[in-house]
Amino acid sequence: MPRRPRPIRAWQLPEPAPVPTGQAALLDAQLDRHLVRQLGAVPLLMPLIEQLKLREVVNARCHPQGTASRDLDLGRVVELIVFNRLLAPRPLVHVETWLADTVLPDLLGLEAEQANDDRLARALDALVPHLDALWQDLIVGAVPAFQVDLAQLGYDITSVAFCGDYDDAELITYGYSRDHRPDRKQLELATTLAIAGGIPLDYQVLAGNIADRTTPVANLRRLQGLLALLPPREPGAPAPVVISDRAMLTEEAVAAYLQSNLGFLGPLDPSVGSGAVRALQEGVPVADLDAAPLAYRPQRDQDDPDWEAYHGVVRPLELPPSPTHPTPLRLTALVVWSPAKAGLDAGLRVTHLTRLENALADLKGKVGRRPYTTRAAVEKRVATLLRRHPARPFLDVQVAGGSADVPLALTWSRREEVIGAAARLDGRYVLGTNASGLDAELMLARSKRRDVPEKRYAMLKGPLAIRPIYLHKEERIRALVFCTMVALLVFALLELLAQHATLASSGTMLLAQFATVGVLVLAFQDGSTLRRVTGLAPPTTAILQVLGFPPAERYVSGPR
């Protein structure tokens, strides 16, 4: 069926803009050009960067004799990179273009062309010899200035993936990927944060194939050195407690904590102490756990009518002497039963059993056919299937026959007693600590704050865009990681001040509320200019007032 022809609609020119009249006509007659520069969240970030004295710290370390460049000093370049990470992360080659569309050139007294990628790369090279000292100077100044609470600290490691060969970079190599990208090379980033506010206190760039369990003792030594530079604790104040995952709490690490002036808290691997942790985990009667419900309840389950409580009992724990510690290690342990973990453990056991039985059933169907025509071949394959399989203890596997009179046969049966014993331990794990004054409720609640470093890592890999890194030299990568960590420090301090001011907004929400703020620049024919802030709604103005920051109009008047 032919289509019906459609009428042709005549194209019309848009209506001409109305001719300005009155004062608008006078202004238009004198106007030469106008443009809009991005201001964004500069009013939120500039006071924090100034209070950190970022420019002064960098110049004092890198130019101790006052040899900084007169046109664009290194401290100013670091400020620019930090602003870029927080406002609109770009590869270094595109920072110049981004900068030209912002108010920062006028505000900082520079030209956008000065921030070309060659200049930025040379700045990263100049930072490399001073990275640890610069970070230390910033933290030593920030902790007392912002009254950072150091009572609870968190330690964790994440991986940063790279695209490319990086054959000349020893740190960037293949390893366990927390980004689920084993096909990519990576480096590891170990970070210690203050739990209250998620303030990064220390970080270290490590090789991409380093094992988590090898890092906590070295991190403890670094942390002790940093804390020694900070103002002393008030008399009677408890020592800081480092909260970490069980991979970080090896026997060597536990012994180091006990010899230090710091506490630790976290789950213990059942193998720690030559099985002492496993024995404690298995030895607590079910009746004792049932009689000890805990009040902790995750935020996401506050309104769940079917909520089932955690249970936990405190017990002493002694780790026997070993080559890493010649004397016993005495700890306080909390044996916890978690309803969510109990369900996961049961489901995982069923999955493992099903997979192993399916693999055995597949092998059974091949017995008698090549290559499984001999008993030795079948036993070898069975050993391969059972090796390190998590369901191995739950099955009794037999290979029989193989002679001329008795054909080959593969059979298996479930060890119900072993499965039942494992089921009775579903949901159990052991928390260990050397901190005094922690009861069962505090131990569980504080151990759950292990998610604070993970949330900061999400910020690093998301809005701050620590990846992808378009650099090839390992030294420049270290320097760019430093700049990104400074950006994270500024972001965390912004959230901390917002919490103190009882603002119900995260740092990401605060930055988003200022994203559309700009500066309208009117250039007149006589050479004069007029600047006005645009897009500033009353709620954003109120945020600056509540935080005690200068008004946005401060940032339209030229270099500071």
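**Ground rules.** Residues are numbered from 1 along each chain as its sequence is written, and side-chain values use heavy atoms, with hydrogens and water left out. Because the model is predicted, local features need pLDDT of at least 70 and side-chain atom pairs count only at pLDDT 80 or more, while totals for chains, interfaces and linings use all residues.

**Overall form.** I looked up the secondary structure and found 20 helices and 13 strands. Helices (H or I, at least four residues) and strands (E, at least two) are DSSP runs, numbered from the N terminus. The radius of gyration is 31 Å, well over the 24 Å that the globule rule gives for 560 residues, so the protein is more spread out than a compact globule. That radius is taken over C-alpha atoms, and the rule is 2.2 Å times the number of residues to the power 0.38. Along the principal axes, the C-alpha atoms fill a box of roughly 110 × 90 × 55 Å.

I then checked burial: buried residues make up 46% of the 560. Buried means under 20% relative accessible area, exposed over 50%, and partly exposed in between (1.4 Å probe, protein chains only). For contacts (heavy atoms within 4.5 Å), I took pairs at least 6 apart in sequence; 67% of these join residues at least 24 apart.

**Cores.** A nonpolar core is a set of buried Ala, Val, Leu, Ile, Met, Phe, Trp, Tyr and Cys residues joined through side-chain atoms within 4.5 Å. The largest has 138 residues, and those with the most contacts inside it are Leu44, Leu127 and Phe482. Helix α18 (residues 474-500) supplies the largest share of this core, 19 residues. A second, separate core has 18 residues, among them Leu360 and Val399.

I followed up leucine 44. Leaving aside neighbours within four places in sequence, its contacts include Leu494, Phe514, Ile543 and Phe549.

**Pockets.** I used a 1 Å grid over the protein atoms alone: a cavity is a set of points where a 1.4 Å probe fits but cannot get out, and a pocket is an open set with protein on both sides within 12 Å along at least five of seven lines; lining residues have an atom within 4 Å of a point. Grid points are joined across faces, edges and corners, and a volume is the space filled by probe spheres set on the points.

The largest pocket holds about 870 Å³ of space. Of its 29 lining residues, the closest to the centre are Arg246, Gln281, Lys341, Asp345 and Arg428. Helix α13 gives the most to this lining, with seven residues. By class, the lining has 14 nonpolar, three polar and twelve charged residues. Ala, Val, Leu, Ile, Met, Phe, Trp, Tyr, Cys and Pro count as nonpolar, Asp, Glu, Lys and Arg as charged, and the others, Gly among them, as polar.

**Cavity.** I found two cavities of 30 Å³ or more.

**Tyrosine 372.** This residue lies in the loop between α13 (339-366) and α14 (375-386). At 16% relative accessibility, tyrosine 372 counts as buried. Beyond neighbours within four places in sequence, tyrosine 372 is in contact with residues including Leu363, Arg381 and Leu408. Tyrosine 372 and threonine 354 are 18 residues apart in sequence and 23 Å apart in space, C-alpha to C-alpha.
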